[in-house]
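Here are some notes for a colleague who is meeting this structure for the first time. Please read them with the sequence and the model at hand.

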Amino acid sequence: MNRKIAVIGGGAAGMTAAIAAARSGASVTVYERNDRVGKKILSTGNGKCNFSNEKMGRAYYRGSGAALVDNIYANFGVKQTVEFFRGLGMRIKSRDGYLYPASGQASTVLDVLRYELERLPVRIHTGQRIVAVDVHKCENGAVAGETAGSVACGQIVVETENHAKEKYDAVILACGGKAAPGTGSDGAGYIMAEKLGHRIVPVVPALTALRCAEDFYKRVAGVRCDAKLTLYIDGQPGRSDRGELQWTDYGISGIPVFQLSRDAAYALKDGRSVTVSIDLMPDLDREEDVTYAYAGAADDPAASARDLFWRKRWESQSWQSMDRFVTGLVNKKIGLLLLKLAGIKETEIAYNVPERNRKELTKLFRSLIVSVKGTNSFEQAQVSAGGIDCSEVTGQLESRIVPGVYFAGEILDLDGICGGYNLQWAWSSGYTAGRAAAGNPAE
Ligand SMILES: Cc1cc2nc3c(=O)[nH]c(=O)nc-3n(C[C@H](O)[C@H](O)[C@H](O)COP(=O)(O)OP(=O)(O)OC[C@H]3O[C@@H](n4cnc5c(N)ncnc54)[C@H](O)[C@@H]3O)c2cc1C
């Protein structure tokens, strides 16, 4: 007899799980609290949906689930995901290894998933919020399937907020995390998992902007510039990332900031001090700058290219006022800010600037330190870090505590960096849990 399966949550992971389970012959029902499935997918990748990445593997993930990634992806990784979507009729384009639907529309990804759900068919109950999952344990030596009252032992009962109850052979919890709750994922899945006996690793916003303490942000809000950022926790260097830094009126944002944000969030939660060092001229070691730096200065082999660059700058621009001295190095607003922080007047002539202030200015270009006092909230985060402790699930994503209950997607304690990694986890974990719940696990 076909297994009867409920999928709770019609997001990326839930829809993939439902397709995998139905393709394996199960009778599948998806419960989605919104009036339609896949709302979050529409806002991914700025509406273009960066659904995967050609560079993939455990190294791009954090959390207890990272240990599961390589095995799960060996069965359903990037290659199988590309085949899966191509099989649904979606053309794919790669931008430097970042994968998108060729249409340039996130809605394509959602559409092809919806059409497949319809074709199989999978029952979709929208506007149905699940509030409880109860498992009728097989006690006193009873074998799964034996009837005790109206529910066979081993069966799982799913209850909606209107108190409607339905029995299933297996349930897949794919309710997402807490990020972007406007799309439906408000953390309800953690509460249900906790009631089933699972441990929830503390949940924090990740892939989000950092709110900082300095009073200068309004002066530079709106500026975007190339920078290399290094996170410091209690003074110790941590992760580093380079890319387009975006200055906001409350702090720093942009992809390199997102990549550091989950570590910052956990450190702040633990009451630790968090700073970010910003190198505003990360390409100073480029060939053209090195050539410029070494011209006429090759007599000092011990000095770094950076030192020589600055030495030459101070020599060649010595007759300039300092606002002109910083022009052409970085964005003008940033250059003027650094002057102020170094205690140098814009009208000062370069050769009059004392050595102490010169050193301070060149130091600031290399390492402007900002103090982080918080992250943006879950509302503005792309994902949440934390969730169901993955040491309590099997390699097929079945609960070790309550057999018959499976998990998929962001509800698990695993988060990827920016670049298609979180959706890849949703597809891979969804497909794995769906097949296994249907009794057709991958080898
Ligand atoms: C703005 C934004 C941009 C992003 N861009 C990218 C990107 O380009 N690439 C990338 O890889 N990742 C991106 N992400 C992250 C990615 O979208 C998520 O990690 C992924 O969608 C998680 O999938 P999920 O199915 O686990 O959870 P979700 O997509 O959150 O789906 C969970 C579903 O469960 C439903 N639900 C919750 N509780 C209940 C309940 N009690 N009963 C019934 N239904 C319930 C919700 O309504 C929701 O539809 C982005 C996220 C955001 C917010």
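1. Helices (H or I, at least four residues) and strands (E, at least two) are taken here as DSSP runs, numbered from the N terminus. On that basis the protein chain has 14 helices and 23 strands, and its C-alpha trace spans about 90 × 45 × 40 Å along the principal axes.

2. This is a predicted model, in which local features need pLDDT of at least 70 and side-chain atom pairs count only at pLDDT 80 or more, while totals for chains, interfaces and linings use all residues. Residues are numbered from 1 along each chain as its sequence is written.

3. Of the 443 residues of the protein chain, 44% count as buried, a residue being buried if 20 or more other C-beta atoms, placed from the backbone, lie within 10 Å of its own.

4. Three strands form an open antiparallel sheet in the order β8-β11-β12, with β8 (130–135) and β12 (165–168) as its edge strands, each pairing on one side only. Strands pair if DSSP finds at least two bridges between them; β11 (residues 156–160) and β12 are joined in the antiparallel sense over four bridges, and Lys 165 in β12 is the bridge partner of Glu 159.

Terms used:
Buried ≥ 20, exposed ≤ 12 C-beta atoms within 10 Å, placed from the backbone.
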